[in-house]
Amino acid sequence: MHCFDNKAMMNEQVVSAQSEKQVMVVGIDDSEHSSYALKWTLDHFFPNPMFKLVLVHSRPSATSAVGLAGPGAAEVLPIVDSDLRKIAARVVETAKQLCIKNSVNDVIAEVVEGDPRNVLCEAVEKHHASVLVVGSHGYGAIKRAVLGSVSDYCAHHAHCTVMIVKKPKTKH
């Protein structure tokens, strides 16, 4: 009888673990590559009771966006910061509307200030994500070397499966 009780308890733990949703984090920005990656993810994985969806937008700081710190910076920075906040709100609202259009209503959306590479990897840790989805901007070798690839960085540093969604090239 004692062995049966242990077996029943183990079965309850397995059922409980299975009933918890895995988390899928999707990196979003204002690019068509990001929109395509979100659409692709929604079409292929949702609505799926297995995943909880978390959208994460990385917002640059006003200082890093402007890149200046001299005379006039004090007047410019609040304006730039306001614009960056508006862009972030628009990105999140557009992504949420896309989710709703695809019957995915249980969505968490976050805007975090910082470098998108770090922000996305930290979001994976924070939410204990099983999957991170990022769009590929399709940069060439030179641009990727100068700007750094968010998808490449995440593929090497995120502690989960990383799915890089590439937008098909349009034929002319």
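1. Serine 103 lies in the loop between helix 4 (73-101) and strand 3. Serine 103 has a positive phi of about 60°, although it is not a glycine. Helices (H or I, at least four residues) and strands (E, at least two) are DSSP runs, numbered from the N terminus. This is a predicted model, in which local features need pLDDT of at least 70 and side-chain atom pairs count only at pLDDT 80 or more, while totals for chains, interfaces and linings use all residues. Residues are numbered from 1 along each chain as its sequence is written, and side-chain values use heavy atoms, with hydrogens and water left out.

2. The protein chain has seven helices and five strands. From the N terminus on, the order is α-β-α-β-α-α-β-α-β-α-α-β. Of the 172 residues, 33% are buried (under 20% relative accessible area; exposed is over 50%, partly exposed in between; 1.4 Å probe, protein chains only).

3. Helix 2 covers residues 32-45. Its 14 residues should span 20 Å at 1.5 Å a residue, and the end C-alpha atoms are 20 Å apart, which agrees. The expected span is 1.5 Å times one less than the number of residues. The buried residues of helix 2 are His33, Ser34, Ala37, Leu38, Thr41 and Leu42. An α-helix has 3.6 residues a turn, so residues three or four places apart point the same way.

4. Proline 47 sits in the loop between helix 2 and strand 2 (51-59). The peptide bond joining phenylalanine 46 and proline 47 is cis, with omega about -5°.

5. Glutamate 110 belongs to strand 3 (residues 107-113). Glutamate 110 is buried, at a relative accessible area of 13%. Its side chain makes a polar contact of 3.0 Å with the side chain of lysine 126. A polar contact is a pair of N or O atoms within 3.5 Å; within protein, one must be able to donate a hydrogen and the other to accept it, and residues adjacent in sequence count only if both atoms are side-chain atoms.

6. Helix 5 (residues 116-127) and helix 7 (residues 150-157) have axes that come within 9 Å and cross at roughly 35°. Axes are lines fitted to C-alpha atoms, for helices over the stretch in contact (heavy atoms within 4.5 Å), and angles run from 0 to 180 degrees between N-to-C directions. Helix 5 contributes Pro116, Arg117, Asn118, Leu120 and Cys121 to the contact, and helix 7 contributes Val150, Tyr153, Cys154 and His157.

7. Histidine 128 is in the loop between helix 5 and strand 4 (131-136). Histidine 128 has a positive phi of about 50°, although it is not a glycine. Histidine 128 is exposed, with a relative accessible area of 65%.
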